[in-house]
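Thanks for coming, everyone. Please look at the sequence and the structure first, and then I will walk you through them.

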Amino acid sequence: MEILIKQIIVVTDGKSNVGGNPADAAFLAFRKGIRVSSIGIVDDGNLSIKEIKDIASSGGGVYDIIYSDDFIRSLSAVTQKSAEKTLYDTLDAELMKLIGKSIEGLHPVLRSQIVEYIDRLLDISDIRCAILLDLSGSMARKLKKAVNGIIDLLSTMKVRKGKSQFCLIGFPDGNDAYAKIICPFTSKINDIEIGIKNLKAGGNTPTYHAIKLATSLFETEAESIRGIG
Amino acid sequence: MLENGYVLTGIHNGRKYVVEKKIGNGGVADVYLVHDDKNLKYALKISEDLISITREYKMLTSLKNCDFAPRVFELDDALLYNKMYHYIVLEYIDGYSLDRLIKSGIDLESASYIFVEILDILLRLKRLGIFYTDLKPSNVMIDEVKKRIVLIDYGSTSAKDDTVKEFTPEFDRASWKVGLRKADSGYLSFEAGMLFVCLVMGKTFRHDYHTIGEVLKQSKSKLGKFYIVIIKALNGTYDINKLYVNFKNGCFSEKASMYLNYMLFIVGMIFVILMILAV
Ligand SMILES: Nc1ncnc2c1ncn2[C@@H]1O[C@H](COP(=O)(O)OP(=O)(O)O)[C@@H](O)[C@H]1O
Ligand SMILES: [Mg+2]
């Protein structure tokens, strides 16, 4: 079975304050087959935990509330769990078609084989992941840790047999636009490293727009692939 | 989540367990001490995460005959507060985890004694194709009743050369930037080496405040004769078999090989000097 795992991970330390409700954008993305997860950094105490939870629950993803020291572990765990969810849901739907039962409907011991299959797919599936990095003023001090976490994630994903592509979006964009593409989808760690070298934080938190922008990137990708096919 | 005295009933197997108290929680699961209708005690590990609980069950059933892993008795579901939970029932380990030992402090000889046993377990698992990649103090328990070391938590073991799924940065080779997050012999040596440093130093080191060099420098005197082999373990590529053999022999062979190297070097130098003089 070939599965392309599409996911968005929102990283923020505050609440969104420009544009629509981020959970709505997450819901639309999920409807298009992109799973949206969120990581909330609580260091300064102005994080909206509800918003973080809502993004993940509308986006079909997972969330994690952390201190910035824990970012490396969290980013890797969230990426992993979100990919597991995609594979789980795909197999769940297949099973339903085949035998009219969901995975939860099986006897727990029988599920072992499904989990084994998920683990195998996790290693060989292609993953396309957009990381949305909050660049509002309060993130300035945490930016270095966030950047380290992203670089760390890239090198982890390299170990897998499947292909991984990442894209990095920052919000807000200093020049008034709501969000900017720091690095479009690439499988080269170098591209991302260059992109994040000169990041600066400052401004509002337009989370909604960032998710919208990321969703549209997945769509243009899909079209260009179809165009080739 | 579960109150003391709560009676949990399995949906599929129908067995009942009475909750005595909560004994632990980690990333994904909560662990409770429970007893059944015959008043036998168990540890019950419960989570909403079907994949990770099923994974652990599968792993533990394949380790049924190993005395270093808790026995697993069943896997079942329970409906709690309108949500589906999944749980495994485990042999209850009556003892304490290495966390406590690290807090109370331990001398070098006892630390190395415990450590050799841990390395032995890691190697036995590796021979079965299982890489235990989340080694840390809270996952190592000392069974006071059966007098043995038990590695708990098999939710995130890896197969050879797989990506390490769950990790703890303090014991993770990649976080310390001395290698990839990939299940291999060097990864195991690194996490084990770091665990030994923790045991001896009575604290854990954080990768974002220290470099490996600083960790080694600070722990040099306390590591004593194990210093050299720990340097090797923390370089990220050391063979865990060698780590085991060296510890088992009290690091004799490491020292011997170091002296041998010195000797060879000195002999070589003398030779070179003689050559120069001869010319
Ligand atoms: N079989 C057991 N017997 C006694 N205590 C246990 C047992 N299993 C787990 N625990 C306790 O629960 C804690 C968390 O368990 P663990 O399996 O490591 O969960 P997690 O996967 O969430 O980290 C452990 O540190 C330990 O204190
Ligand atoms: Mg644990």
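**Chain B and its ligand**

Chain B has eight helices and nine strands. These are DSSP runs numbered from the N terminus: helices are H or I with at least four residues, strands are E with at least two. Now the ground rules. This is a predicted model, where local features need pLDDT of at least 70, side-chain atom pairs count only at pLDDT 80 or more, and totals for chains, interfaces and linings use all residues. Residues are numbered from 1 along each chain as its sequence is written, chains are lettered from A and ligands numbered from 1 in the order written, and side-chain values use heavy atoms, leaving out hydrogens and water.

Next, overall dimensions. The C-alpha atoms of chain B fill a box of roughly 90 × 35 × 35 Å along the principal axes. Of its 279 residues, 52% are buried. Buried means under 20% relative accessible area, exposed means over 50%, and partly exposed is in between, with a 1.4 Å probe and protein chains only.

Now the inside. Which residues touch the most other members of the largest nonpolar core? They are Tyr154(B), Ile230(B) and Phe247(B), in a core of 68 residues. Helix 4 of chain B, residues 185-201, gives the most to this core, with 11 residues. A nonpolar core here is a set of buried Ala, Val, Leu, Ile, Met, Phe, Trp, Tyr and Cys residues joined through side-chain atoms within 4.5 Å. Take Ile230(B). Beyond its neighbours within four places in sequence, Ile230(B) is in contact with Gly193(B), Phe196(B), Val197(B), Leu216(B), Leu223(B) and Phe247(B). Contact means heavy atoms within 4.5 Å.

On to ligand 1. There are 17 residues around ligand 1, and Gly26(B), Lys45(B), Glu91(B), Ile93(B) and Asp153(B) come nearest. To be near, a residue needs a heavy atom within 4 Å. Strand 2 (16-25) and strand 4 (41-47) of chain B each supply at least two residues of this shell.

Then the polar contacts, meaning pairs of N or O atoms within 3.5 Å. A backbone N or O atom of Ile93(B) lies 2.9 Å from a nitrogen atom of ligand 1. For Ser138(B), a polar backbone atom is 3.1 Å from an oxygen atom of the ligand. Asn139(B) uses a polar side-chain atom, 3.1 Å from a ligand oxygen atom. How much of ligand 1 does the protein bury? Taken alone, ligand 1 exposes 550 Å², and the protein buries 89% of that. Those areas come from the Shrake-Rupley method with a 1.4 Å probe.

Terms used:
Polar contact = N/O pair within 3.5 Å; in protein donor to acceptor, adjacent residues only side chain to side chain.
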